[in-house]
Amino acid sequence: MIARHAVIRWGEPLLLGVGFVDRDHCEAVEMINRLAAASGAERLELARAFAHHCAEHFAREEEMMVKTGFFALEPHRDEHMRVLGQLDEVIRSLEGGDSCAEYFAVDLPQWFLEHRATMDYVTSGFALDHGWVE
Ligand SMILES: [Fe+2]
Ligand SMILES: [Fe+2]
């Protein structure tokens, strides 16, 4: 079921073949769509939950990179840290009364799709090629 105003359409083309990555990404897409449609206190609450989701998801990806000896762990981890810092700033702006509308409607969905298509794609492919199961 796709929400009428979804900014990202979840579906098979977004799958990467690693179970937890796909499950986490599906949840992220749901949260991003809700964030884009929300406002005020609801958006702030969702943003805090999304930052928490990201911190946990990134940690799982980083653990997989370590365990499979991924060759580009550092740039991928740096990018995760950059995004967590950005989310902190956005949460502060929301707390200050800014709607951050552009960020949730454009920047965040764009970042997710690009990150999935580049760093997460290469990381998941590498892990599967190096014996990662689930
Ligand atoms: Fe990811
Ligand atoms: Fe990632």
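Predicted model: local features only at pLDDT ≥ 70, side-chain atom pairs only at ≥ 80, totals over all residues.

Reader: How are the donor residues of the iron ion (ligand 1) spaced in sequence?
Author: The spacing reads H-x31-H-x3-E-x58-D. The residues behind those letters are His25 (NE2), His57 (NE2), Glu61 (OE) and Asp120 (OD). Residues are numbered from 1 along each chain as its sequence is written, chains are lettered from A and ligands numbered from 1 in the order in which they are written, and side-chain values use heavy atoms, with hydrogens and water left out.

Reader: What makes those atoms donors of the iron ion (ligand 1)?
Author: Distance. Donors are N, O and S atoms within 2.8 Å of the metal (3.2 Å for Na, K and Ca), and sites may look incomplete because water is not among the atoms. These atoms sit at 2.0 to 2.2 Å from the iron ion (ligand 1), so they count.

Reader: Why is the site of the iron ion (ligand 1) called irregular?
Author: Four donors are tetrahedral if all angles lie between 85 and 135 degrees; four are square planar and six octahedral if opposite donors are over 155 degrees apart and all others between 65 and 115; anything else is irregular. Here the angles among the 4 donor atoms run from 79 to 173°, and the site is classed as irregular.

Reader: Which residues coordinate the iron ion (ligand 2)?
Author: Glu61 (OE), His76 (NE2), His80 (NE2), His115 (NE2) and Asp120 (OD), at 2.1 to 2.2 Å. Along the chain their spacing is E-x14-H-x3-H-x34-H-x4-D. The two iron ions, ligand 2 and ligand 1, are 3.6 Å apart, and glutamate 61 coordinates both.

Reader: How do you know whether histidine 80 is buried or exposed?
Author: Buried means under 20% relative accessible area, exposed over 50%, and partly exposed in between (1.4 Å probe, protein chains only). Histidine 80 has 1% relative accessibility, so it counts as buried. Aspartate 120 has 2%, so it is buried too. By contrast, phenylalanine 71 comes to 61% and therefore counts as exposed.

Reader: How far apart in helix 2 are histidine 57 and glutamate 61?
Author: They are 4 residues apart in helix 2 (residues 40-68), so about one helical turn separates them. A helix here is a DSSP run (H or I, at least four residues), a strand is another (E, at least two), and they are numbered from the N terminus. The protein chain comes to 4 helices and 0 strands.

Reader: What makes arginine 60 and aspartate 24 a salt bridge?
Author: The rule asks for a side-chain nitrogen of Lys or Arg within 4 Å of a carboxyl oxygen of Asp or Glu. Arginine 60 and aspartate 24 are at 3.0 Å, N to O, so they pass. Arginine 60 lies in helix 2 and aspartate 24 in helix 1 (residues 19-37), 36 residues apart. At 33%, arginine 60 is partly exposed, whereas aspartate 24 is buried at 7%.

Reader: Which residue does the side chain of glutamate 95 meet in a salt bridge?
Author: Arginine 48, at 2.8 Å, N to O. Glutamate 95 lies in helix 3 and arginine 48 in helix 2, so the pair ties together parts 47 residues apart in sequence.
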